[in-house]
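Me: I would like to learn how to read a predicted fold with some care. Could we work through it one feature at a time?

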Amino acid sequence: MINFRLILLVFFLFITGCAQQIPKSTTPDDNWRQQLATISHFSAEGKMAFISPQKRQSANFVWQQQNKDYELDLNTFIGTNVLRLQKQGEQVHLEVDDGHYQDQNAQQLVYRLSGWLLPLTEPQSWLLGQLESDAELDELERVRSAHWLSPDQRRWQIRYEEYEAINGVWLPTRITLVHESLRVKLLINQWQVQ
């Protein structure tokens, strides 16, 4: 009899614990596209890979955006910082290899010092999947692929391979950016939206 009560107690504790788990995802609202357009404060964490005919490189990344200002940290898998990029107003600050650099063009500065070509002008538009012109949408009106012309006239093909519903909007979790022979892949494990 005591064993039976103990089994019942464990069973009810297990059921209660399962019932209280809060799912990470939420169902998108009907007006999720309008809500997506208003997001100006967010952070994204995940993995980034740079694939070119010459080499492959990868890093963990943390992206924090507040309005037009942002901070990007790239770290190795063991936690060593590869680079830290901060854009505040018109100024860009880059820390890489124990050096500190400034410029007004984030994309050119990162490319010049690291060799990594990233579309860093108005990144929130492609990172959040807000591209609408020249975009192919899926049945849920999410961007599946789009072309994006960066201010330095580089044409990027962007594919959104997976989405997750977070805080009532669809946010991309797998993105591939292609420019000529370069591919940049992002796997976003965590979004925080304010």
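Me: Which residue in strand 11 does His179 stand opposite?

Reply: Strands of a sheet pair through backbone hydrogen bonds, either parallel or antiparallel. Here His179 stands opposite Leu182 in strand 11, and strand 10 (residues 169–179) is joined to strand 11 (residues 182–193) by 6 bridges, the two running antiparallel. Strands are DSSP runs of E with at least two residues, helices are runs of H or I with at least four, and both are numbered from the N terminus; two strands pair if DSSP finds at least two bridges between them. The model is a predicted one, in which local features need pLDDT of at least 70 and side-chain atom pairs count only at pLDDT 80 or more, while totals for chains, interfaces and linings use all residues. Residues are numbered from 1 along each chain as its sequence is written, and side-chain values use heavy atoms, with hydrogens and water left out.

Me: In what order do the strands of the open sheet lie?

Reply: The open sheet has 11 strands in the order 6-5-4-3-2-1-11-10-9-8-7, with antiparallel pairing. Strand 6 (99–103) and strand 7 (135–137) stand at the edges with a single partner strand each, so one side of each has no neighbour in the sheet.

Me: How do strand 5 and strand 6 pair, and which residue is the bridge partner of Val92?

Reply: Strand 5 and strand 6 pair in the antiparallel sense over 5 bridges, and they form a hairpin with 2 residues between them, where Asp97 in the turn has a positive phi of about 50°. Val92 has its place in strand 5, and its bridge partner in strand 6 is Asp103.

Me: Is Val92 buried or exposed?

Reply: Val92 is buried, with a relative accessible area of 1% (buried means under 20%, exposed over 50%, partly exposed in between, with a 1.4 Å probe and protein chains only). Leaving aside residues up to four places away in sequence, Val92 touches several residues, among them Leu85, Tyr101, Ala106 and Leu109, where contact means heavy atoms within 4.5 Å. The C-alpha atoms of Val92 and Ala106 are separated by 5.9 Å, although the two residues are 14 residues apart along the chain.

Me: Which strands does helix 3 lie across?

Reply: Helix 3 (residues 106–114) lies across strand 3 (69–75), strand 4 (81–88), strand 5 (91–96) and strand 6, running at about 20° to strand 5. Such angles run from 0 to 180 degrees between N-to-C directions, with axes fitted as lines to C-alpha atoms, for helices over the stretch in contact.
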